Amino acid sequence: MKKFLAIAFSALLALSLVACGGGKKDGVYTAKVDANYAAEAGHGWTDQLTVTYKDGKITEAVFDSINAEGTIKSQTTPETYPMEFHPTEWIPQLGVGIVAAQTADKVEVVAGATHASEAAKALLAGIEKDGKPGETIIVTIPVTA
């Protein structure tokens, strides 16, 4: 009888873990790149990702960057931030891609924004690993040439 109860309990525990899907606790999670990455690879822009989880799934993802003057990259104009594929185009695409992927290892790179896409993936991985609802974590990303 004890063996049967142990097996039944183990099966119930396994089923409950599968049902939860391993998703994060509901809430808003935020991650920023570390200062070294922002200064070097980000050219003075600090990338940040905020994701909202509901029922263990990402329902909203907002990626953006801010510089020391407080300028938000997604609010720049082609005159103030000249870039061929302007951030007002690729930043929303990156957020949609994160929601669709649901996990960092499945986020697809947005063409024309490879560097930011890789930063967003690293930020999401940081949230998945160490994020807590309502807190901002700093994610260290190696600066590569």
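This is a predicted model: local features need pLDDT of at least 70, side-chain atom pairs count only at pLDDT 80 or more; totals for chains, interfaces and linings use all residues.

The chain averages a pLDDT of 85, and 84% of the residues score at least 70. Select residues 4–21 next: pLDDT stays under 50 over this stretch, for which the model has 1 contact beyond four places in sequence. For the chain as a whole, among contacts with a separation of 6 or more, 53% are between residues 24 or more positions apart.

Now turn to the interior. Buried residues make up 34% of the 145 residues in the chain, and the largest nonpolar core has 30 residues. To find where that core has the most contacts inside it, show the side chains of Leu-49, Val-51, Phe-63, Trp-90, Ile-98, Leu-124 and Ile-127. Then colour the elements that give two or more residues to this core, namely strand 1 (27–33), helix 2 (35–40), strand 2 (46–54), strand 3 (57–66), helix 3 (87–101), helix 4 (114–130) and strand 4 (136–139). Helix 4 provides the largest share, 6 residues.

Stay with helix 4 and select Ala-120, which lies in it. Is Ala-120 buried or exposed? Ala-120 counts as buried because its relative accessible area is 1%, under the 20% cut-off. Leaving aside neighbours within four places in sequence, Ala-120 is in contact with Leu-49, Phe-63, Leu-94 and Ile-98.

Next, centre the view on Trp-90. With its neighbours within four places in sequence left aside, Trp-90 is in contact with Phe-63, Lys-73, Met-83, Phe-85, Val-110, Ala-113 and Ala-116.

Finish at the largest pocket, which holds about 200 Å³ of space. Strand 3 and helix 4 each supply at least two residues of the lining, and helix 4 gives the most, with 3 residues. Coloured by class, the lining shows 8 nonpolar, 6 polar and 2 charged residues.

Technical notes: Residues are numbered from 1 along each chain as its sequence is written. Side-chain values use heavy atoms; hydrogens and water are left out. A nonpolar core is a set of buried Ala, Val, Leu, Ile, Met, Phe, Trp, Tyr and Cys residues joined through side-chain atoms within 4.5 Å. Buried means under 20% relative accessible area, exposed over 50%, partly exposed in between (1.4 Å probe, protein chains only). Helices (H or I, at least four residues) and strands (E, at least two) are DSSP runs, numbered from the N terminus. Contact means heavy atoms within 4.5 Å. On a 1 Å grid over the protein atoms alone, a cavity is a set of points where a 1.4 Å probe fits but cannot get out, and a pocket is an open set with protein on both sides within 12 Å along at least five of seven lines; lining residues have an atom within 4 Å of a point. Grid points are joined across faces, edges and corners, and a volume is the space filled by probe spheres set on the points. Ala, Val, Leu, Ile, Met, Phe, Trp, Tyr, Cys and Pro count as nonpolar, Asp, Glu, Lys and Arg as charged, and the others, Gly among them, as polar. pLDDT is the predictor's confidence in each residue, from 0 to 100.
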